[in-house]
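Please work through each task before reading its solution.

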Amino acid sequence: MGHDQKYVDKKYEVVGTRFNRPDGIDKVTGKARYGADASAPGQLVGRVLRSPHAHAQILKINTKKAEQLPGVKAVVTFEDMPDLTSGDQGLADILENCMARGRALYDGHAVAAVAAVDEQTAAKALKLIDVKYKKLPHVTDVDEAMLESAPVIHQRIITRGVEPAPTKPSNISARTQMGYGDVDAGFAEADVIVEKTYKTEQTHQGYIEPHACLASVNPDGTAELWVTTQGHFVFRNVCASLLGFDIAKLKVTSSEIGGGFGGKTHVWAEPVALALSRKANRPVKLVMGRDEVFRATGPTSSTSIDVKMGAKKDGTITAAVAEMRYQGGAFPGNWAMLACMTAFACYDIKNNKSIGWDVIVNRPKVAAYRAPSAPMAAFAVESTIDVLAKEIGVSPIDMRLKNVAREGTVAPYGPTYGPIGIEHTLQAVKDHPHMRAKLKKNQGRGVACGFWFNIGGQTCTDLNIGVDGTVNLALGTVDVGGSRSSMAMIAAEELGIPYEQVRANIADTTSLGHNDMTEGSRGTFSSGMATVFAARDAINVLKQRAAKMWGVPEEDVIWENGQAVATGEGHGNLPPLSLKEIAAKSGRTGGPIAGHNEVTADGAGMGFASHICDVEVDPETGRSTIVRYTVVQDAGKAINPDYVEGQFQGGATQGIGWALNEEYIYGKDGCLQNPGFLDYRIPVCSDLPFIDTKILEVPNPLHPYGVRGVGETSIVPPLAAVGNAIANATGVRMTHAPMSPPRVLAAIDDLENAG
Amino acid sequence: MSNATLVSTTVNGDPVQFACPTDESLMTALRDRVGLTGVKEGCGTGDCGACSITLDGDLVCSCLVLGVEAEGREVATVEGLSADGELHPLQQKFIDHAALQCGICTPGFLVAAKALLDRNPNPSETEIRYALAGNLCRCTGYDKIVHAVQAAAKDMRKKKRR
Amino acid sequence: MRYATPASAKEAAGLLSKEKGAAFLLAGGTDLLVKLKMGMVEPDLVVDIKRIPKINEIQTSAKGFTIGAAVSGATIGQHKGLNAAWPGVVEAANLIGSDQIQGRATLAGNLCNASPAADSVPAMIAAGAKAVIVGPTKKRTLPVEKVVLGPGQTALAKGEVIEAITLPKPEPRTGDAYLRFIPRTEMDIAVVGVAISLKLERGVVKKARVVLGAVAPTAIIVPAAAKALVGSKLDDAALEKLAAACSAACNPIDDKRGTIEYRTRVAGVLAKRAAKIAFQRAGGAL
Amino acid sequence: MRVRLSGSLQPTGGPGSAFEVHAETIAQLMTALVDRYPDFQQMLDRGVAVSIDGQIFRDDWTQLIPTEAEVFLIPRIEGG
């Protein structure tokens, strides 16, 4: 299972240094083509009509007037997207989310779509579609949705994981429980017990590029889709099964992607665009407006969480219980389950129990958002640990170090950890100069930890060597943050050639075997692994060719520093053959030289981080300003430190936005009130200081270079780090995120009124 | 195309003519009619800055300008930044400092940063942060972007002195 | 949609008054284009006034300043005379949106959009600004506080166009300031805005004008708040009275940007801070 | 070998948190489980990963399971 340690320990020539990304020039000159930047001959404009109601029965959709409008080439409803999911409920949910089938389940749910010759005509056509709704009672709050009295959104939903199974349907799709030990006994041992309830509001991934695609379906059943996605192979499979295409006949090309963070792991309007193109028999370009992105595409869950933790005077946590309620939007999800797996994962707590409730509400279908479900659980747990530490009188860092998980600790979800880096990050935080920096008036400092899994998954990579010795690397994992440069560096490292001689590209679905999404921090881990093996595969071919050129037995040829070297009796003195020389002769020694690898990159490592946050709170307005921030995270092995730092800084900033101002605001009518960047307030440049980073490298034994995914963990600690900092600045403990100025000011007032 | 109007303007120094509906934004006209897709749409309401251009030298969101307003004006987009095969110092520093991840916001940042450095060759960190507050980036946390702008400013001041 | 670029304010007024359908005036466009994009308006006619001579200019005279209706926030921010005379008005104008918005947004547009949260309006009112209004037949001037009647409603008759905003030459020892509260550092709409203009005599406040934004259907002048300042050297007692008067004058709504409670509370807080700035700008010593 | 199941994966009428089974690969393990507890099929459909000595295997069912290894069934994880 493990990899040869000599690779983990070896000194690298290319890996670990900083190189410019291959797509850099295209992106700074405006040449890079994103989802909305492609066009096709005769292309039409696609637009989607969305429900203005939170929950409504769709009595009738009359599309006649729209169809008769000159310039309209197709109008589709659910009737043009028949259910071919044959019992696969997950797929059926995706289909229903793409196009309402008899019922609008949330404000913004697609009910019809048009394809017309231009924007103006398409907009007119949408107004001409007459939809008769019958409003139904709605529920958007996770706690309210769990009440007996709440309107039940899906009659088919019987709560899983409850014994005996309920007889009545409800909005609770599943109950999850994890943990071990005897928590009652644990609390009995405790000198101090803290119990708190937290709430976190719904946030959106907020990628700057709206969903966009260009779909073209031919009468013979062949089709092409150009789309901004985190996984074009998965999009291909899903779209093919939803629309009844043969997988091989649907060619999906991933455009440059303008941010995803989980939101582009899921199809939204792509199947609709394909359905429009199929009906119009013309290419259809469908680009979402920003309001559509907020109203109808994957936000994360809003939550409500109870935490109870007990500890001895010496700081040992004897028991911990979390009960977590996560809404997954209008369809069942497993978000609370993920929370159960991560809530206490940073710690070694002899008695721990996590209970998760997955809840359905009239909101858009939740999609993964960077370390999905972990930040909310961490907000509750990491805040509670600070309260506990304060009551006992130990420093928050020592409290955490005292209970930190190590190699050999049993994870809350069962298995025993291998080598993990959480203790290293905490120690690094404790020793960091940031911890000794002076704080000014109204300032406070907070620390918090975070955990997220890495996943591996199916990966396929090609490496082709040109006759001039330069190398093309064909990858199947979408590059969301600079992974093309990392892959090129790995190939250069293995082959022993300069980085500049390798060109990495993302191949379309007809040119490579299946690749899973770029999700779960897997891009560099899994494609990196496949690239290593593809390069070693090519090296074997290079050695064979060198052997032929020399006329020596293959086993007498070794590869070092980018050249073939003959060893052994009689030909040890042959001058080495460079990759360039072997490539030049390849036509006459057996044809093109290529390396290939398909792998199920399992055994991904664990991502752990600890953050330090300094905040200044204006006691008169409740406004919090981040004055200093430091991220410490274990990267296993940083291939390109520039982009590892970038992941740390970006994730931390998303977490800071969530901690301070980002939230979905629903009205009493169940409609989203802030579907735009004006009132959905993501951090702007002037809101932030520089984000300091420290990369730790605790190698992952299951990767040839020891790589761990770094993409997601950095969004986990900030909510609690900011909350703990605010508590230390003001004395008020915030239990509702975002900790917006009105909430903080109200909390300060309550504290003062309490005397 | 209903009630289209012919617009004669100058884009990145070149005379350009396009016909667009009177209610079409300059952003859409530049993208769909002039083919300058380096002008990005992130919101269409002036909140994200991805469509930033200069109009007669003024920094604006092209989504908040009508195409027909460009008549007789001077438009500059990211496509016009690099002259005769040379990257603009801002473009080079954005690459060198890894100031982009997904890159969708990069054209807007470059146009806004150039507008800043044109009027203030030596901005403080705070001045840079406020000048770029109208450009949203969701990937980087702005850290490497601000560093890149500082480095480019330094570079450009050196070049001037020479 | 028809698009017109008249050569004079009078011509613009004529076009607007004659139009049977939905007609809109276009200056900076930072509000109109958003409404267009959102489908909130469907104009039959848009009248772009930016090609009118002098309408993009700031003129200085013995009486004060005349700011053309199409003058952008950026232009205002760079005008030395205005910055010296009415720093609070310039501040307020420059707080509207990003640099990109500043490249287009105008004082007249901010006023005519008639949003309760408009940043520049309280500052203009505190400074005694007037709107020069041109109609198809006659021309009139109106104090800025009389222009906005309610959210989205103005006193402009069909066909009337604001040609310019005038600001008086400030009396000696006058200082003004505008502060607003937003959750972020930029890009938000004001949750509360406070503009204060005051005149000193021997270090004591002689005259004052206190105007609140975003806490009522329109910007509101608060005489009681002004009264709290007059005769004081801005001692704590005066500031506390000022804050109380401002909070008492608030009549806000609960919305996605702030609660009634919060707006009422913060109006007082910002008033104290704005008063100090205005006081120092007037030459007062704290 | 002893196989343990994470909370949410315990099938109705199943063995509770752990059971004994003979399997040399993940595939054999899954088959054995479904044979014994048909309800487990639903869980499989929703996605199951196997942790062998603390290392999580999400996809590769040909993976060999050493005797005496710590084997744990956990839900299949998605990411962002």
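**Exercise 1. Determine how many residues of chain A are in contact with chain B, and describe the side of chain A that touches chain B.**

Solution. The structure is a predicted model.

Step 1. Count the residues in contact, taking C-beta atoms within 7 Å as the criterion. On this basis, 43 residues of chain A meet 45 residues of chain B.

Step 2. Identify helices that contribute to this side of chain A. Helix H2 (24-29) and helix H18 (641-660) of chain A each provide at least two of its residues. The largest share, seven residues, belongs to H18(A).

Step 3. Classify the residues of chain A that make up this side. They comprise 19 nonpolar, 17 polar and seven charged residues.

**Exercise 2. State the strand order of the open sheet of four strands in chain A, and name its edge strands.**

Solution. 

Step 1. Read the order of the strands. In chain A the order is E19-E18-E17-E23, and the pairing is mixed.

Step 2. Find the strands that pair on one side only. These are strand E19 (502-506) and strand E23 (593-600) of chain A, which are therefore the edge strands.

Step 3. Consider the twist. From one strand to the next, the twist averages 15 degrees.

**Exercise 3. In which sense do strands E17 and E18 of chain A pair, and which helix packs on the sheet?**

Solution. 

Step 1. Examine the pair. Strand E17 (residues 458-465) and strand E18 (residues 471-475) of chain A are antiparallel, with four bridges between them.

Step 2. Locate a facing pair of residues. Asn464(A) is opposite Asn472(A), which lies in E18(A).

Technical notes
Residues numbered from 1 in each chain as written. Chains lettered and ligands numbered in written order. Predicted model: local features only at pLDDT ≥ 70, side-chain atom pairs only at ≥ 80, totals over all residues. Contact = placed C-beta atoms within 7 Å. Nonpolar A, V, L, I, M, F, W, Y, C, P; charged D, E, K, R; others polar. Pairing = 2+ DSSP bridges. Axes fitted to C-alpha atoms, helices over the stretch in contact; angles between N-to-C directions.
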